[in-house]
Every structure is written in structure tokens, then in C-alpha cells.
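Here is a short note for someone opening this entry for the first time. Keep the structure on screen while reading the points.

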Amino acid sequence: MTVMETTGTRTDTCAGPPQYERRPDGEDRYTISEVAAFTGLTAHTLRWYERIGLMPHIDRSHTGQRRYTNRDLDWLDLVGKLRLTGMPVADMVRYAELVREGDHTYGERFDLLKTTREDVLARIDELRGTLAVLDRKISFYADAGQALASERSR
């Protein structure tokens with residue numbers, strides 16, 4: 001029996017951060033530890049994001065502790081997606097600055113995201129080519145393995 005069969009506990013470490021229940025707006029004050037647990041980011045990374053201007057306006061409690069909101073969690077989700085695209089941190093910070101500057105920056109935001117999308121599509125094409133090579137190699141070795149097994153059984 002495996003651990004999962006006996007306890008029902010998920011042991012897949014590649015599954016990503018655990019899902020969480022958001023609090024209702026107005027009651028959505030999360031500590032940095034909670035946000036780290038929700039997002040899979042470290043507290044160090046969250047503080048760094050704040051320092052470089054990627055998340056510059058995090059509320060603080062009367063004792064100075066960071067208090068994140070649902071809106072901050074939404075922003076962190078977007079930042080995570082932008083990171084997955086391979087967008088450079090400097091471009092993410094620029095995007096955040098443009099958002100803060102207001103609606104008149106829509107054109108520049110559009111251009112930045114469109115360029116990132118084109119980069120992602122190019123990477124997808126490259127990965128498809130890489131996948132085709134792997135498929136050919138796997139097929140070759142599968143056929144070679146069957147031929148060897150057949151030859152040994154004679």
C-alpha cells in the first residue's frame with residue numbers, strides 16, 4: 001500500500017501550491033505567510049516584488065505587518081502567468097508601472113503583451129519541433145527494443 005492509499009494524502013510535490021478559500025471582499029486581509037502558502041512564492045520573493053515596484057502598494061496593519069487583499073492575489077496570479085511566458089522582470093515591472101499610470105497607457109500595455117504573446121507562440125513552435133524529435137527517437141528505441149526482444153526469443 002502507498003501513503004496515498006492509506007491516508008488519502010496527496011504526495012505529488014509538482015502539483016503546485018495548495019488551493020485556498022478566499023475571504024469575502026472587505027474581510028480579505030492575508031498575512032505574508034498566508035500569501036506565501038497560497039501562491040507557492042516565498043516571503044522573500046513577495047518582499048522583493050514589493051521592493052522592485054512589482055507590488056508597491058501593499059497595505060500594512062497598525063503594527064506594520066503586510067496585509068494582502070484578494071486584488072493583490074489576483075495581481076500575483078497574473079505576475080505568475082507573465083513569469084511563465086518568460087517575460088523579463090524589467091518588462092513585468094514596466095507593465096505594473098503602466099497599470100498604475102492609468103488608462104492612457106493602454107496602447108503601450110497592449111504592445112508589451114502582444115510582443116510577449118508572439119514570443120510565447122515562437123517558443124511553442126520550437127517546443128513542437130523538439131517534441132517531434134523526441135517522438136521519433138522514442139519510436140526508434142521502441143522498435144529497436146521490440147526487434148531485440150524478438151531476436152532473443154528465437
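Which residues are buried in α4? Point 2 takes that up, after a word on the model.

1. **Ground rules.** This is a predicted model, in which local features need pLDDT of at least 70, side-chain atom pairs count only at pLDDT 80 or more, and totals for chains, interfaces and linings use all residues. Residues are numbered from 1 along each chain as its sequence is written, and side-chain values use heavy atoms, with hydrogens and water left out.

2. **Helix α4.** The buried residues here are Asn-70, Asp-72, Leu-73, Trp-75, Leu-76, Val-79, Leu-82 and Thr-85. Buried means under 20% relative accessible area, exposed means over 50%, and partly exposed lies in between (1.4 Å probe, protein chains only). The buried residues of α4 pack against α2, α3, β2 (66–67), α5 and α6. Contact means heavy atoms within 4.5 Å. The 16 residues of α4 should span 22 Å at 1.5 Å a residue, and the end C-alpha atoms are 23 Å apart, which agrees. The expected span of a helix is 1.5 Å times one less than its number of residues. After α4 comes Gly-86, with a positive phi near 90°.

3. **Overall layout.** The protein has six helices and two strands. Their order along the sequence is α-α-α-β-β-α-α-α. Helices (H or I, at least four residues) and strands (E, at least two) are DSSP runs, numbered from the N terminus. Of the 154 residues in the protein, 25% are buried. Take the contacts with a separation of 6 or more: residues 24 or more positions apart account for 46% of them.

4. **Helix α6.** This helix covers residues 106–153. Its 48 residues should span 70 Å at 1.5 Å a residue; the end C-alpha atoms are 68 Å apart, which agrees. Its buried residues are Arg-109, Leu-112 and Thr-116. They pack against α4 (70–85) and α5 (89–101). As a general point, an α-helix has 3.6 residues a turn, so residues three or four places apart point the same way.

5. **Thr-116.** This residue sits in helix α6. Thr-116 is buried, because its relative accessible area is 9%. Not counting residues up to four places away in sequence, Thr-116 touches Thr-85 and Met-87. Between the C-alpha atoms of Thr-116 and Gly-86 there are 8.1 Å, although the two are 30 residues apart along the chain.

6. **α2 against α3.** How do these two helices cross? Two packed helices are described by the angle between their axes and the distance between the axes. The axes of helix α2 (residues 32–39) and helix α3 (residues 43–52) come within 9 Å and cross at roughly 105°. α2 and α3 are therefore roughly perpendicular to each other. Axes are lines fitted to C-alpha atoms, for helices over the stretch in contact, and angles run from 0 to 180 degrees between N-to-C directions. Under 35 degrees counts as roughly parallel, over 145 as roughly antiparallel, 65 to 115 as roughly perpendicular and the rest as oblique. From α2, Ile-32, Val-35 and Ala-36 meet Ala-43, Leu-46 and Arg-47 of α3. The residues of this contact divide into five nonpolar, no polar and one charged. Ala, Val, Leu, Ile, Met, Phe, Trp, Tyr, Cys and Pro count as nonpolar, Asp, Glu, Lys and Arg as charged, and the others, Gly among them, as polar.

7. **Aromatic pairs.** The whole structure holds four aromatic pairs. One of them joins Trp-48 and Tyr-49: it is tilted, at 5.8 Å centre to centre and 40° between the planes. Rings of Phe, Tyr and Trp (its six-membered ring) pair if their centres lie within 6.5 Å; planes under 30 degrees apart count as stacked, over 60 as edge-to-face and the rest as tilted. Trp-48 is partly exposed at 33% relative accessible area, whereas Tyr-49 is buried at 3%. The rings of Phe-140 and Tyr-141 have centres 5.0 Å apart and planes at 75°, so this pair is edge-to-face. Phe-140 and Tyr-141 are both exposed.
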